[in-house]
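Reader: I have a chain open on my screen and some questions about how it is put together. Can we go through it piece by piece?

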Amino acid sequence: MRIAVIGGGPGGLYFAALTKQLNPGHSITVWERNASDDTFGFGVVFSDETLGGIEHADELIYAQMQREFARWDDIDVHFRDRMLTSGGHGFAAMSRRRLLQILQQRCHDLGVELRFSTPAPDVAELSATHDLVIACDGVNSAVRMRYETTFEPTLDVRQCKYMWLGTSKVFDAFKFYVRETPHGVMQIHGYPFDAKGSTFIVEMNQDVWQRAGFDAFADRPFAPGESDEKSVEVVRDLFADILDGHDVMVNNSKWVNFTTVRNEHWRHENVVLMGDAAHTAHFSIGSGTKLAMEDALALAACLHEEGDVESALAAYELERRPVVLSTQRAAQASLEWFENLGQYTGQDPVQFAFNIMTRSRRVTYDNLRVRDPEFVETVDAWFARHEAARGLGDGETRPPMFQPFRLRGMELVNRVVVSPMDMYCAVDGLPDDFHLVHLGGKALGGAGLVMTEMVCVSATGRITPGCTGIWTDEQAVRWKRLTEFVHAESAAKVGIQIGHSGRKGSTRLMWEGIDEPLPEDNWEVVGPSPLPYRAGVNQIPRELSQAELAAITQQFVDATVRAAEVGFDFVELHCAHGYLLSSFISPLTNQRSDAYGGSLANRLRFPLEVFRAMRAVWPDERPMGVRISATDWYEDGVTADDAVEIARAFADAGADVIDVSTGQVTADERPAFGRSYQTPFADRIRNQTGIATMAVGVISSYDDVNSILLAGRADLCLLGRAHLYDPNWTLHAAAEQNYTGPGAEWPKPWQAGARRPQSGRAEEPKPRLELIRRGRPGTAHRRWQPS
């Protein structure tokens, strides 16, 4: 084949070398507009996984790279005059310039034609004269722009400013320096790349950047290759103690905002995007070079394996896209963590170090425990002492999820909550034996708090005919069976979630068609404004009058009184997911012109009136919470900033905890779905306001629960589907972690099953095969020491 490669960076060169190696008959030309010895940046970092692929694909390239590597295992976190170290991570870095030289030489040896200082011909011309065109022309890709209607790119310009520098100071590990300045918090990402230098990246939120006066130096465009020398001088002064007299090196160094590049499609006919042209991931979780070289390996392999270009490009995108999306999710979490770094500066350095280590959600509590058990033991012990100082627990070190918690007079034996889940099994709002077994079983299963589904305040406030209620005394008596059972047979507490369906009512049971209107016997739905959930599908709600708002408020009060009388320990007001109170809060669903619409304060007026009325009749010693949708996942809807203000308003009204969910307000939402995807919103509210929060949303492993709690992202974790899969989830999590104690006590009749049963021959006793028994393996704390 005739193959054209636009862009002579590491990705393009590596692809050319691998493809030519696999089939010397290919004619491959690489165009690079810069000179062969031009490079921007300093060092590049590789993971062990990526290096394994490079070694397998081309041993000659790997052997030359290996001779250049700076290798180390430690990450040092410098915060508030303390340095905390986590080991066992395994890094390999090298000079970007040297990497390019190795790849250029390999291409030359294989017969790849390299054209430096030469802009590529027009992409349409290349496409017509070549079998395949590889566009790896960077984050500002001209090819991507040329065919943007096909690629459908989105460029997300982020909030932090950063500058890529180098220093002659050779670090001996990966370094995070977090510095509180009069202007705000700034951070350094530093790592060695050879025996003579280190990468030195300065990053800060744009507001901090402006307060520090850096914007005054960016009042003109810089020429290509020119560095912002005035800003560099300020950086030298700000971080003089870190640099310790060593030089700061520049290379096209100027302030930029990181841009996350995503494309709906990566190929247009025989033109395919690769590397930064196709996708970017924030440098805090790795290098773009690493991703580009992984792309190159996958594309070269698919071209070799498939019979034609079209099949190869389809296979490449099918194979590579899920990997890239996973990386971008982790990078997004890390990027947002640094954007909001200021909210964590109140944390103790020990917790802060754990928090920064687990920010991307790829590195977790268990993962760190494997890499560096001593580090995790230190953080566990700190957490136990910290919670004991708050009157929570006895200071005993245990997995964080089994530390106790208190809200007013409600003592929880652990931090696990069974999330509210609608079961759609009631008749006339009456909970029955199913609800008793369903919720009672979760209490026996060890959770600290078991929540009911949304219990409705009226027949017309139900979502479906199968929803439970507490608008009659008969319903309340049925609920009392549950509270009495939970209190008599378990250590759990039991909470009730109270709500009104609003415009999302009168729909079918979930398994008959979620959010689909009933085929008959519909009841009238209501809302703040006459806007249906789905136009042409769901009913248009009737706009509520102020007199009707008062009547509905009384329904919530009556429900709360009944809930207190039958023994619920906790009540949660449902102000999320597009139901009645949520639809008042969101500007997407509330377009009123009276005192209950308009500003956020006005849109909160009715939900707060309901909450205050409930709080007035709910026993003072029992806590109350609120579930909110922290974002609508839709333009012009509720934002994360709004969520902080919403949480503050409910806390001022007497809420003890905020249950932080998201979305389900509009059917057109586009959530960033993934593991623990809603936790950052709980994190933000907790660390910006000091209000206790519950995290919910695709939290399914005890590893995630421990990570969230120990990092200070939430106080409690709600798990839904995990408890449907395993009603004894909490007890099993304790057994898996070898924990026995007050945080997870098995019911006496079940105690014979408290140990995980053997699952096969692999668990049988093993013979001794060592003459001298080795001790506990220590943490790898290798640091870079140039020879």
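Author: Before we start, a word on contact: two residues touch when heavy atoms of theirs lie within 4.5 Å. Also, this is a predicted model.

Reader: Fine. What does Asp372 touch, not counting residues up to four places away in sequence?

Author: Asp372 touches Thr85, Ser86, Gly87, Thr779 and His781.

Reader: Where does Asp372 lie?

Author: In the loop between helix 14 (365-371) and helix 15 (373-389).

Reader: Is Asp372 buried or exposed?

Author: Buried. The relative accessible area of Asp372 is 2%, and the cut-off for buried is under 20%.

Reader: What does the side chain of Asp372 have around it in the way of polar atoms?

Author: The backbone nitrogen of Gly87 lies 2.7 Å from a polar atom of that side chain. As for Ser86, its C-alpha atom is separated from that of Asp372 by 6.3 Å, although the two residues are 286 apart along the chain.

Reader: Let me step back to the whole chain. How many helices and strands has it?

Author: There are 27 helices and 29 strands. The radius of gyration is 29 Å, close to the 28 Å that the globule rule gives for 787 residues, so the chain is as compact as a globular protein of that length.

Reader: What box do the C-alpha atoms fill?

Author: Roughly 85 × 70 × 60 Å, taken along the principal axes.

Reader: And what share of the residues is buried?

Author: Buried residues make up 58% of the 787. The chain exposes about 32,300 Å², and carbon and sulfur atoms supply 49% of that area.

Reader: Of the contacts between residues at least 6 apart in sequence, what share joins residues at least 24 apart?

Author: That share is 72%.

Reader: How many positive and negative side chains are there?

Author: The chain has 79 positive and 106 negative side chains. The centres of the two sets lie 4 Å apart.

Reader: Now helix 27. Which of its residues are buried?

Author: Helix 27 covers residues 729-736, and its buried residues are Trp729, Thr730, Leu731, Ala733 and Ala734.

Reader: What covers those buried residues?

Author: The cover includes strand 20 (416-418), helix 16 (433-444), helix 25 (702-710), strand 29 (716-719) and helix 26 (721-725).

Reader: What comes just after helix 27?

Author: Asn738, which takes a positive phi of about 55°.

Reader: Which other residues have a positive phi?

Author: Among them are Asp81, with phi near 60°, and Asp515, with phi near 65°. Each is a residue other than glycine.

Reader: Where are they found?

Author: Asp81 is in the loop between strand 5 (75-79) and strand 6 (82-86). Asp515 is in the loop between helix 18 (510-513) and strand 23 (526-527).

Reader: Buried or exposed, for Asp81 and for Asp515?

Author: Asp81 counts as exposed, at 85% relative accessibility. Asp515 counts as buried because its relative accessibility is 18%, and the cut-off is under 20%.

Reader: Last one, Thr560. Where is it found, and what is it in contact with?

Author: Thr560 is in helix 19 (residues 546-565). Leaving aside neighbours within four places in sequence, Thr560 is in contact with Ile498, Met614, Val617 and Trp618. Thr560 is buried, with a relative accessible area of 0%.

Note on methods. Residues are numbered from 1 along each chain as its sequence is written. This is a predicted model: local features need pLDDT of at least 70, side-chain atom pairs count only at pLDDT 80 or more; totals for chains, interfaces and linings use all residues. Side-chain values use heavy atoms; hydrogens and water are left out. Helices (H or I, at least four residues) and strands (E, at least two) are DSSP runs, numbered from the N terminus. Buried means under 20% relative accessible area, exposed over 50%, partly exposed in between (1.4 Å probe, protein chains only). A polar contact is a pair of N or O atoms within 3.5 Å; within protein, one must be able to donate a hydrogen and the other to accept it, and residues adjacent in sequence count only if both atoms are side-chain atoms. The radius of gyration is taken over C-alpha atoms; the globule rule is 2.2 Å times the number of residues to the power 0.38. Accessible areas come from the Shrake-Rupley method with a 1.4 Å probe; for residues, only the protein chains shown count as cover. Lys and Arg count as positive and Asp and Glu as negative; His and the chain ends are not counted. The place of a charge is taken as NZ of Lys, CZ of Arg, CG of Asp or CD of Glu.
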